[in-house]
Amino acid sequence: MEKASHKSGFVAVIGRPNVGKSTLINNLIGQKIAIMSDKPQTTRNRILCILTEPDAQIIFLDTPGIHKPHHKLGEYMVRAAENTLKEVDVIFFVVDATEKMGPGERYILERLRATKCPCVLVVNKLDLIERSAVLPILESYMTAYPFRAAVPISAKDAVNLDALLKEAKQYLPEGPIYYPEDMVTDQPERLIVAELIREKALLSTRDEIPHAIAVELEEMTTRKNGDIYIRATIYVERESQKRIVIGAKGALLRELGAQARKDIEMLLGTRVFLDLWVKVKKDWRNRKSILHGFGFE
């Protein structure tokens with residue numbers, strides 16, 4: 001009997017900010033790697049997440065949302081997302097079912113026309129619309145671009161994700177397992193920890209502050225009793241933002257620290273002591289040397 005072929009390859013997950021790309025990838029691989037927030041432009045780096053199944057290994061690239069940049073950090077984010085399209089086997093274009101196709105979606109469709117890669121339309125947030133509204137959305141996008149397939153899903157409720165994986169596997173080449181079976185990301189633990197802290201800061205603040213937040217891990221050491229000590233600095237751009245992140249008598253900083261510690265303990269599987277500081281780096285999103293120091297190449 002002929003042995004079934006094994007597939008392996010790369011899938012870029014692209015779309016406008018806040019369409020649910022990170023939620024989708026976390027639910028596909030069954031573990032929280034990419035941070036989530038209801039605020040746009042949460043993902044800043046390209047994050048590689050790995051799903052290993054008996055018949056395939058799929059490497060997902062969670063990209064920053066493609067948007068019109070307003071600072072050097074934004075330019076970096078859009079460049080990282082667009083460069084990803086050149087090096088993958090399949091593209092998932094994720095759109096929000098509750099939003100009409102607009103200039104942002106059309107901009108991405110133009111970028112897709114420059115690739116020869118199979119593209120699958122992923123209509124997310126199915127849980128927020130009437131079933132009768134799905135077909136018109138699919139028709140509008142399929143008319144605008146020759147997608148290989150269209151899959152309506154709810155990333156939050158993990159609805160129809162099996163159908164989406166099945167679709168991806170159709171277009172992956174035959175190949176070996178590139179990464180160990182138990183590996184779910186190429187990101188170092190330190191970076192994931194910093195991102196989990198940033199997520200809680202995003203969730204705890206409002207207005208313009210979230211986009212001005214960066215997190216740098218200063219120290220991460222294991223103590224003799226097995227506990228892990230982490231010292232991290234949350235950077236903002238103005239003194240007024242620093243006061244908001246700290247909160248009255250340090251209340252907000254304590255709360256976001258407690259929330260981050262829970263997620264970090266789940267990630268690392270041990271008790272964590274989290275020591276958080278807040279500092280100002282003026283206009284850091286427009287300063288190349290600081291962006292480089294934060295890991296934005």
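Predicted model: local features only at pLDDT ≥ 70, side-chain atom pairs only at ≥ 80, totals over all residues.

Biologist: How should I read the crossing of helix α1 and helix α5?

Modeller: Helices (H or I, at least four residues) and strands (E, at least two) are DSSP runs numbered from the N terminus, while axes are lines fitted to C-alpha atoms, for helices over the stretch in contact, with angles from 0 to 180 degrees between N-to-C directions. Here the axes of α1 (residues 21-29) and α5 (residues 161-171) come within 11 Å and cross at roughly 85 degrees. That makes α1 roughly perpendicular to α5, since angles under 35 degrees count as roughly parallel, over 145 as roughly antiparallel, 65 to 115 as roughly perpendicular and the rest as oblique.

Biologist: Which residues of α1 and α5 meet?

Modeller: With contact taken as heavy atoms within 4.5 Å, Leu24, Asn27 and Leu28 of α1 meet Leu161, Leu164 and Leu165 of α5.

Biologist: How do α7 and α8 pack?

Modeller: Helix α8 (residues 251-268) and α7 pack at an angle of about 60 degrees, their axes being 5 Å apart, and the two are therefore oblique to each other. Ile244, Val245 and Ile246 of α7 make the contact with Ala251, Leu252, Leu253 and Leu256 of α8.

Biologist: What is the strand order in the open sheet, and which strands stand at its edges?

Modeller: Two strands pair if DSSP finds at least two bridges between them. Three strands form this open sheet in the order β7-β8-β9, with mixed pairing. The edges are β7 (214-222) and β9 (272-280), each with a single partner strand, so one side of each is left without a neighbour in the sheet. From one strand to the next, the twist averages 15 degrees. Strand β8 (residues 228-236) and β9 run parallel and are joined by nine bridges, and threonine 233 stands opposite tryptophan 277 in β9. Helix α6 (residues 189-204) packs on the sheet, where it touches β7, β8 and β9, and its direction makes about 130 degrees with that of β7.

Biologist: Which residues of the largest nonpolar core touch the most other members?

Modeller: In soluble globular proteins, nonpolar side chains tend to be buried together. A nonpolar core is a set of buried Ala, Val, Leu, Ile, Met, Phe, Trp, Tyr and Cys residues joined through side-chain atoms within 4.5 Å, where buried means under 20% relative accessible area, exposed over 50% and partly exposed in between (1.4 Å probe, protein chains only). Of the 28 residues in the largest core, Leu24, Ile58, Phe60, Phe92, Val120 and Val122 touch the most other members. Its largest share, five residues, comes from α5. Leucine 24 touches Val13, Val94, Val122, Ile153, Ala155, Leu161 and Leu164, not counting residues up to four places away in sequence.

Biologist: Is lysine 125 buried or exposed, and what about lysine 249, buried or exposed?

Modeller: Lysine 125, in the loop between β5 and α4 (134-144), has a positive phi near 70 degrees and is buried, with a relative accessible area of 18%. Lysine 249, in the loop between α7 and α8, has a positive phi of about 55 degrees although it is not a glycine, and at 82% relative accessibility lysine 249 counts as exposed.

Terms used: Residues numbered from 1 in each chain as written. Heavy atoms only, no water.
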